[in-house]
Amino acid sequence: KKAKTLKQPIAFYDQDDDKAQYRELLIINGLPKGLKQNQLFMVFQPKLDIQSGQCQQVEALIRWQHEGLGLISPSEFIPLAEQTGMIDILSTWVLEAVVSQQAKWREKGIYVKVALNLSSTDLDNPNLANDVATKLAQYLVPAECIMIEITESALMVSLEQTIITLNKLRDIGVKIAIDDFGTGHSSLAYLRFLPVDEVKIDKAFLDEFETSTAAKQIVKTSIELAKSLGFEVTVEGVESKSVLETLHAFGVDTIQGDYFAKPATADEFEHIYPQLTHTV
Ligand code: C2E
Ligand code: MG
Ligand code: MG
Ligand code: MG
């Protein structure tokens, strides 16, 4: 009998686990207050259009300057917001922030498309397209000025509802991009049946770019296939001139990455925008 009890799993007290859990708790509990007190803000990463050598689009990325924890990455707090059902209010906040920013930029004569990121649960919301249309109407921003990015894996969560929502979004004139392509399990051949305009190839492939011919070949083939299926193709995470030149040779439409421009606040973006050109 004694031997049996010993086989029971034993939970050891681990201080690091404790700290991580405490941090999670601070993040989860702090989110509503953070939103209310404007601790969250958007930054915008310019994308380079290879053909024109100009920036015609930016991606909106959320940031959180937490009162106690400092700057927290969305990679940390977005999953927690998803798990706790708070992603709805967060995405509503992002939509408001992006569309109102678009209105300000258009007034100043700055015409760029802005892509915003949504989660799989946002696509489960049957009112999403309505909410987007209402927000655009409120600020008199045309739907063509907005893109929605959804990760490849989020797209597959509840495919049927997702397709309905994506079709509604496209009906109002919003373009759709598949984010982090290549990290999920879908193939491009399958994506052609989905209402998608752009494919963003994940930066993970670029990590091995200089050392592995296979990694290069995968990116080359993905770009070619995606383009032949009618998608716009972006590669994200481009950090060097040589990678940019290789991708240009592969026929990519747009690149995004620190080599061209890092994410910038709205004010910073307005400042750098006139000089944002690059000829490959
Ligand atoms: P993502 O949508 O794939 O965004 C691209 C990420 O790559 C951003 O990280 C960006 O800063 C980073 N990046 C861009 N170029 C480079 C580069 O040259 N080198 C490196 N090392 N990184 C680069 P970030 O801003 O930390 O965002 C991480 C992820 O968090 C995003 O990945 C997106 O999935 C999610 N996220 C960000 N903002 C939002 C948001 O407003 N809503 C939702 N639902 N998710 C968001
Ligand atoms: Mg994205
Ligand atoms: Mg991505
Ligand atoms: Mg990502």
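Donors to a metal are taken here as N, O and S atoms within 2.8 Å of the ion, and because water is not among the atoms, sites may look incomplete. By this criterion, in the predicted model, the magnesium ion (ligand 2) is coordinated at 2.0 to 2.2 Å by Glu59 (OE), Asn117 (OD1), Glu149 (OE) and Asp179 (OD). Along the chain, these donors follow the spacing E-x57-N-x31-E-x29-D. Asp179 also bridges this ion and the magnesium ion (ligand 3), the two ions lying 4.2 Å apart. Since Asn117 belongs to strand 4 and Asp179 to strand 6, the pair ties together parts that are 62 residues apart in sequence. Asp179 is buried, its relative accessible area being 5%, whereas Asn117, at 28% relative accessibility, counts as partly exposed.

By residue class, the lining of the largest pocket divides into 14 nonpolar, 12 polar and 10 charged residues.

In the second largest pocket, the space amounts to about 190 Å³, and Asp88, Thr92, Asn125, Leu128 and Asp131 are the closest to its centre among the 13 lining residues. Helix 4, strand 4, helix 5 (120-124) and helix 6 (128-138) each give two or more residues to this lining, which comprises five nonpolar, four polar and four charged residues.

Conventions:
Residues are numbered from 1 along each chain as its sequence is written. Chains are lettered from A and ligands numbered from 1 in the order in which they are written. This is a predicted model: local features need pLDDT of at least 70, side-chain atom pairs count only at pLDDT 80 or more; totals for chains, interfaces and linings use all residues. Side-chain values use heavy atoms; hydrogens and water are left out. Ala, Val, Leu, Ile, Met, Phe, Trp, Tyr, Cys and Pro count as nonpolar, Asp, Glu, Lys and Arg as charged, and the others, Gly among them, as polar. On a 1 Å grid over the protein atoms alone, a cavity is a set of points where a 1.4 Å probe fits but cannot get out, and a pocket is an open set with protein on both sides within 12 Å along at least five of seven lines; lining residues have an atom within 4 Å of a point. Grid points are joined across faces, edges and corners, and a volume is the space filled by probe spheres set on the points. Helices (H or I, at least four residues) and strands (E, at least two) are DSSP runs, numbered from the N terminus. Donors are N, O and S atoms within 2.8 Å of the metal (3.2 Å for Na, K and Ca); water is not among the atoms, so sites may look incomplete. Buried means under 20% relative accessible area, exposed over 50%, partly exposed in between (1.4 Å probe, protein chains only).
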